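Hi,

Here is the model I promised to pass on.

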Amino acid sequence: MAEPLVVALLGFGNVGSSVWQLIEERSRRLGWAAGRPITVRRALVRDPGKPRPVTPPPGFLTTDLDEVLSDPAVEAVVELMGGLEPADTYVRRALSAGKSVVTANKELISRDGPELLRLAREHGAQLRFEASVGAGIPIIRPIEEMLVANRITRVTGILNGTTNYIVSRMASAGATFREALAEAQELGYAEPDPSDDVEGRDTARKLAILASYAFGSWVSPDSVYTEGITALDPVDLGYAAQLGYAVRLVGTAIHREAGIEARVHPALVPQDHPLASVRGPANAIFVEGDPVGELMFYGLGAGGYATASAILGDLVQVARGSRPWRPEPRSGAEAAPVLPADAIHSAYYLRLEVADSPGTLAALAGAMARHGISLRQVLQMRAQEGRAEVVFVTHPAGEAEMRQARKEIEALPSVHRVASLLRYHDGTHGNPPRRSTGPSGTSA
Ligand code: NAP
Ligand code: HSE
């Protein structure tokens, strides 16, 4: 009988307890896949006395890190505490002791991935983090392994279950933002600090990891242009629906010649685009590669068991001693530059409150035209007591030009306010695969 892989959990919350339960329930299947049994020795928590939905054996929960990390039998550590500290220190200690680490911590990996991978390499350990991008959706390993022959040019999609749950509930059930967020927290989808979800930071971290693997070059989450959903007004969800669009929080990274464009913001998605039918905690990721064309990965982007599925996939790889196929993404001075937000090019939706008087629309259109922005649609949505609400839809334009036009519009005497500005999703769904000519080098 092969020696078991002895695992310790750092964290026994939503995901940690699901990992433990799944290992208990599926031990035969996992042992068969790994070629050796997988067993969990201990779980580190803050408060072992806290009531929990599952009851582990007596003595299983501990607050003593040394009991976990100094145990020579523990070969792999699964970090599911979240946050930067003390998770960072504990992961470094585990790797330095030669223990492999599996984690779902996108905050940590997106910030310190290159250093932690180097530490793992130096100590003959593995560091795996499949769950950190799509939770239950396999995406890093497919990119690293099955898509190794491709030059990936774009990754885009819905990468956060909490915000997708909120926008779908607001649009379909008329729930308020607060109600929908409370439900998402109750269902275990949200981060311990839910502002990470709703301000878009969680999506930016996932996009940074995803883009790093897709393009072979580390992208810092700090360089991702990030807007969340807190400013989303239900009025715009309604108008978007009237125009034939759903609103989703979308992350997009594009490998351009000049560098990497990476951004997260609410986007209008055509109702017939697959992203528009991604509802609740589901996520979907599009990968555009040459020669494969466009692929869509869809599934549960949050939730304890879905995430545990990816954690166990990684643990089996650790148990088997498998190594990733592709070199790690380039980092530091060798990494590709990330383009500034001004490089964004998009069609825009603007909702304005203006004076209901002659010449107002001409003045607005004039301000747009002076910055080279051409209008596709102008709609007067409602008017009362001398005020009108107007929606402009533009053709694709540059972010810098739109910022200047907005400034000029806000200074017009007939404009009360620009109530909202949203971008359109510029995915290429339905386009045929693009083949580049000539020999291709590495993915970047
Ligand atoms: P959670 O329910 O809040 O669980 C966190 C666990 O870590 C708890 O057991 C907690 O102990 C323990 N912990 C926190 N700080 C600690 C400390 N300083 N010392 C010892 N133990 C500590 O979080 P979760 O939802 O399971 O998420 C865990 C990780 O998975 C996060 O990185 C998250 O971003 C990621 N993730 C979550 C999901 C999801 O759907 N929830 C999906 C993908 C990835 P107590 O139990 O005593 O409080
Ligand atoms: N809070 C995250 C989400 C958990 O809602 O997507 C999964 O990473």
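Predicted model: local features only at pLDDT ≥ 70, side-chain atom pairs only at ≥ 80, totals over all residues.

Let me start with the sheet: six strands make up an open sheet, ordered β3-β2-β1-β4-β5-β6, with parallel pairing. Its edges are β3 (61-62) and β6 (127-128), each of which pairs on one side only. Helices (H or I, at least four residues) and strands (E, at least two) are DSSP runs numbered from the N terminus, and two strands count as paired if DSSP finds at least two bridges between them.

Residues are numbered from 1 along each chain as its sequence is written, chains are lettered from A and ligands numbered from 1 in the order in which they are written, and side-chain values use heavy atoms, with hydrogens and water left out.

Back to the sheet. Strand β4 (residues 76-79) runs parallel to strand β5 (residues 100-103), and four bridges pair them. V77 sits opposite V101 in β5. Helix α13 (residues 304-320) packs on the sheet and touches β1 (5-10), β2 (38-44), β4, β5 and β6; contact here means heavy atoms within 4.5 Å. The direction of α13 makes about 165 degrees with that of β5, using lines fitted to C-alpha atoms (for helices over the stretch in contact) and angles from 0 to 180 degrees between N-to-C directions.

Next, helix α4. Its buried residues are A87, D88, Y90, V91, A94 and L95. They lie on the same side of α4, because they cover an arc of only 165 degrees around the axis, the arc being that of the directions from the helix axis to the C-beta atoms. For burial I used relative accessible area: under 20% is buried, over 50% exposed and in between partly exposed (1.4 Å probe, protein chains only). That buried set packs against β1, β2, α3, β4, β5 and α5. Just after α4, G98 has a positive phi of about 80 degrees.

Now the charges. The structure has 31 salt bridges, each defined as a side-chain nitrogen of Lys or Arg within 4 Å of a carboxyl oxygen of Asp or Glu.

- D66 and R93 meet at 2.8 Å, N to O. D66 is in helix α3 (residues 65-69) and R93 in helix α4 (residues 87-96), so the pair ties together parts 27 residues apart in sequence. D66 is partly exposed at 40% relative accessibility, and R93 is partly exposed at 38%.
- R92 and D112 meet at 3.0 Å, N to O. R92 is partly exposed at 23%, whereas D112 is buried at 7%.
- R169 and E183 meet at 2.8 Å, N to O. Here R169 is in helix α8 (residues 161-173) and E183 in helix α9 (residues 177-186), so parts 14 residues apart in sequence are tied together. R169 is partly exposed at 28%, as is E183 at 24%.

There is also a network: salt bridges with shared partners join D88, R92, R111, D112 and E115.

Finally, the overall layout. The chain divides into domain 1 (5-129), domain 2 (149-298) and domain 3 (344-443), with bounds from an automatic or database domain assignment. The centres of domain 1 and domain 3, taken over C-alpha atoms, are 48 Å apart.

Cheers
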